[in-house]
Amino acid sequence: MRFFTGLGVLLLAGAAGASGLWWMWGRDLPSVQDLDVLEFSGQTRVYDRRGELVGTLTPSLGSGQGVNRDLLKLNEISPWLQKAIVTSEDRRFFEHHGVDYIGIARGLLKGLLKNDLEGGSSITQQVVKNTLLADLEGARTPERKFKEAVLAYQLERNFSKNQILNAYLNVIYWGDGGRSDIIGAETAARAYFKKSASELNLAESVYLTTLVPAPNKRYKDFKGYRPLMKDLLTRMVEDGQITQAEADAAWKTEIYPAGWRIGWNSDGTLRSAVLERPERLQENITAAEQARGINRYQSLHYLQAVERELLPKIGRKALFGGGKIYTGMDLQAQQAAERASLNAQLPDGATLGLALVNPNNGEVLALVGQKLTGGRPSDWNNATQARRQVGSSIKPLLYTLALEKGWKQSDTVLDAPLQGEYQPQNYDGRWTGRFVTMRYALDHSLNLPTVRIAQEIGLNAFEDKLRQLGLTPPPDAGLSLSIGTLEASPLQMAAAYAPFANGGLYYAPTLVRRMEDARGQVLYRRPAPQPKRVWDERTAWLGLDMIRGVVNDLTPWQGGLATRAQIPGWDVGGKTGTTNDVKDLWFAGVTPTIAGAVWVGKQDGGSLPSWAYSGEIPTPIWQQAVAGALAGQPRQTFQEPGGITYRVVRRVNMAFREEEADQEGVARDGSGNSGGGTFFSRRWRSAPAPQPVPEPAPQPDPEPQFTVPEAPQEVAPVDETPEAVPNSTGTDSAGTNEVPPQDPYSVPAPQEPYGAPTDSGEAPFTPQQPESVPVDPEPVPPPDVTPEALPSEPEAVPQDSGEFPPFPEGFFPGFREGDPQRGNGDAPPTF
């Protein structure tokens with residue numbers, strides 16, 4: 001009796017445990033019916049916003065991060081390969097019901113006795129893992145194993161063994177082809193033997209099968225893994241898959257995998273085996289792609305993103321069952337973005353991601369997820385899937401938050417090292433020890449003033465604003481968040497910048513407007529885009545004015561970071577970004593009708609060359625893509641809200657709220673102890689812009705100021721001049737190493753950082769010498785202006801004159817001479 005009572009308790013406990021697992025993990029399982037995509041031929045057509053045909057969705061099956069779109073039916077795959085795979089991967093495939101418990105036990109026993117752990121997953125489980133549970137990325141967790149087992153049973157009940165085997169042969173990962181993964185039987189046959197999957201002989205099929213557990217390792221050691229072919233042939237004979245005569249003939253068959261030079265003996269043994277050109281794998285794949293024509297890969301990443309957006313809404317069967325999908329794509333913009341990617345000049349080993357959105361509704365206009373080369377690009381879409389540190393491209397969001405809280409572009413922030421453990425640095429490791437305007441700090445992408453702004457604004461407020469903009473701040477980032485440790489995709493950054501162009505509204509990016517089935521019935525219709533106000537209209541305009549300054553305030557010779565983003569005839573604003581060790585290069589920007597972002601870096605996260613600057617690499621890509629998208633369109637302007645006026649401050653025309661335009665400036669050091677009412681109001685109270693005056697007589701250089709005030713209340717009138725100054729000890733900013741006398745217009749040598757920066761800041765555009773060391777991001781004079789004509793400190797200004805110190809005729813540092821938007825500062829710009 002006690003035995004039966006105990007058994008009942010165990011059964012109840014087991015049932016309760018199974019119910020608990022189902023409650024946690026079994027309620028949201030994907031549908032196994034999605035795997036019937038092999039029955040469809042890809043007749044779902046995709047159209048852009050104007051009704052132009054973009055392409056056709058092709059059914060696909062995933063394998064890790066890769067996707068196979070060359071799906072074959074089982075009768076299109078060599079029967080030898082089918083038999084070899086079953087014997088090697090799941091000998092009881094035609095006997096079990098999804099999970100092979102005998103195989104699992106055998107694998108565990110072999111691991112214990114022979115220290116040779118053998119996988120116990122059935123072919124059915126591997127199909128589930130690589131398709132329906134691909135989002136779990138193969139993690140060996142109880143959740144994945146539970147879901148895998150449940151779905152394997154469901155798969156066996158809904159599909160035949162041949163259908164499951166067919167799916168498996170289409171999702172097997174067969175190695176790294178170089179530019180793209182080798183996934184599926186057709187791609188593997190083309191890559192390794194330059195033939196179709198149906199043409200593989202027994203020896204070639206056995207070779208490909210022996211690669212499956214570790215293709216990248218086993219491909220590189222033909223001699224070492226050659227005995228595995230003998231073992232597999234023996235087991236195939238034991239299973240009745242082939243005869244002994246067929247096995248013997250296959251062993252003696254000479255095979256030549258791509259890249260290998262092999263010498264054979266008549267008995268099937270090797271004389272020699274040398275891997276000469278492993279790149280032949282990619283060459284064979286490329287040749288097969290070119291034979292099919294490259295047009296089939298146009299808009300590939302956009303089409304893949306459409307697929308990912310619709311799949312959870314309507315399922316695979318409806319998605320690939322035929323019909324029409326209408327998207328927000330602008331085909332002209334997509335083609336321009338792809339041309340920009342094809343033409344992009346990138347460092348060796350680098351790739352890119354590019355996204356363009358409509359700021360007025362959030363629709364995605366264009367996506368390019370890789371550096372295009374003309375062949376089939378990698379399936380990984382950097383525009384939507386990648387998350388990379390954004391560097392200084394985050395700074396406009398912080399500065400605009402400060403403007404929202406009542407700061408003005410003309411308010412000044414101390415450019416000097418911080419106190420405490422966290423010691424970021426400016427790009428070149430130098431600092432001025434002076435108070436610089438917010439506009440100047442953003443134009444030159446200075447890190448030290450930026451971190452001080454974050455200190456005073458508060459990280460919690462900044463994190464909240466980033467979340468409103470669709471971004472996810474990393475936990476415990478600290479002050480480094482202000483200079484770019486946040487990770488985002490180009491699409492996320494494009495959407496976060498769009499409120500600068502539309503008056504402060506954030507739209508979550510979307511791709512699909514609606515889908516109809518083959519009979520014209522609407523399967524999906526996107527709800528009307530719902531904007532979320534993240535900036536009030538005037539704050540958004542002030543932020544826009546600042547990022548237009550980044551593009552237009554400085555010439556290349558003055559150290560302009562984003563001058564190559566300019567599009568003739570169009571208003572442009574934007575910001576560059578660079579991360580530590582030059583791992584990520586960014587440009588994010590806006591025009592009145594397009595917001596976009598470009599990321600450049602290595603797929604594996606490695607460093608780019610030290611000469612790679614964000615103003616030279618991603619910025620021209622953005623410019624070419626956006627200029628191409630705007631070509632032929634009537635010029636539009638940003639819509640300026642009411643209540644905005646302009647003042648010239650330190651030779652730069654800045655936008656202000658009308659009620660704040662003549663308020664005294666505030667000096668800030670990040671501590672919250674701000675000073676005001678000193679020389680700031682005298683320097684820019686009057687609205688008229690300065691006019692050129694004759695060159696003054698040479699003035700003696702003022703005495704350098706060697707101390708940095710900790711909480712200044714009054715500051716002597718200074719101008720934001722190009723050069724940096726040493727600190728009080730005559731050493732560099734780390735307090736070590738002597739600093740030699742510096743020519744204020746010379747290019748400084750690289751200096752060792754004195755702290756632990758989290759963002760590298762920005763380097764200026766250096767068009768003539770891209771291989772040179774990073775130059776000082778401070779502005780330098782144009783070629784026709786000599787250093788003697790620009791005193792390092794301006795002549796003192798009379799107490800109440802409201803005038804600027806004299807400067808050379810025709811030269812206005814801080815904005816471009818003759819610029820139609822900034823002009824000579826006589827009047828507010830017209831946009």
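This report starts with the whole chain and then visits a few places within it.

## The chain as a whole

What you see is a predicted model. The chain has 831 residues, and 56% of them are buried.

Next, find helix 15, which spans residues 395–404, and helix 18, which spans residues 459–468. Their axes come within 10 Å and cross at roughly 110 degrees. Angles from 65 to 115 degrees count as roughly perpendicular, so that is how helix 15 and helix 18 are described. The crossing of these two helices is right-handed.

Which residues make the contact? From helix 15 come L397, L398, L401 and E404, while helix 18 brings A461, F462, K465 and L466. As background, an α-helix has 3.6 residues a turn, so residues three or four places apart point the same way.

## A glutamine in a loop

Is Q409 buried or exposed? Buried means under 20% relative accessible area, and Q409 has 1% relative accessibility, so Q409 counts as buried.

What surrounds Q409? Setting aside neighbours within four places in sequence, Q409 is in contact with L403, T437, M438, R439, L542, D545, M546, M654 and A655. With A655 there is a further detail to look for: the side chain of Q409 reaches the backbone oxygen of A655 at 3.1 Å.

Helix 7 covers residues 185–193 and is mostly covered itself, with eight of its nine residues buried. The buried ones are A185, E186, T187, A188, A189, A191, Y192 and F193. Just after helix 7 comes K194, which takes a positive phi of about 55 degrees.

Finally, look for V128 in helix 4 (residues 123–130). V128 has a relative accessible area of 0%, so V128 is buried. Along the chain, V128 and I164 are 36 residues apart, and their C-alpha atoms are separated by 9.7 Å.

Terms used. Residues numbered from 1 in each chain as written. Predicted model: local features only at pLDDT ≥ 70, side-chain atom pairs only at ≥ 80, totals over all residues. Heavy atoms only, no water. Helix = DSSP H or I, 4+ residues; strand = E, 2+ residues; numbered from the N terminus. Buried < 20%, exposed > 50% of the residue type's maximum accessible area, 1.4 Å probe, protein only. Polar contact = N/O pair within 3.5 Å; in protein donor to acceptor, adjacent residues only side chain to side chain. Contact = heavy atoms within 4.5 Å. Axes fitted to C-alpha atoms, helices over the stretch in contact; angles between N-to-C directions. Parallel < 35°, antiparallel > 145°, perpendicular 65-115°, else oblique. Left-handed = near helix turned anticlockwise from the far one by under 90°.
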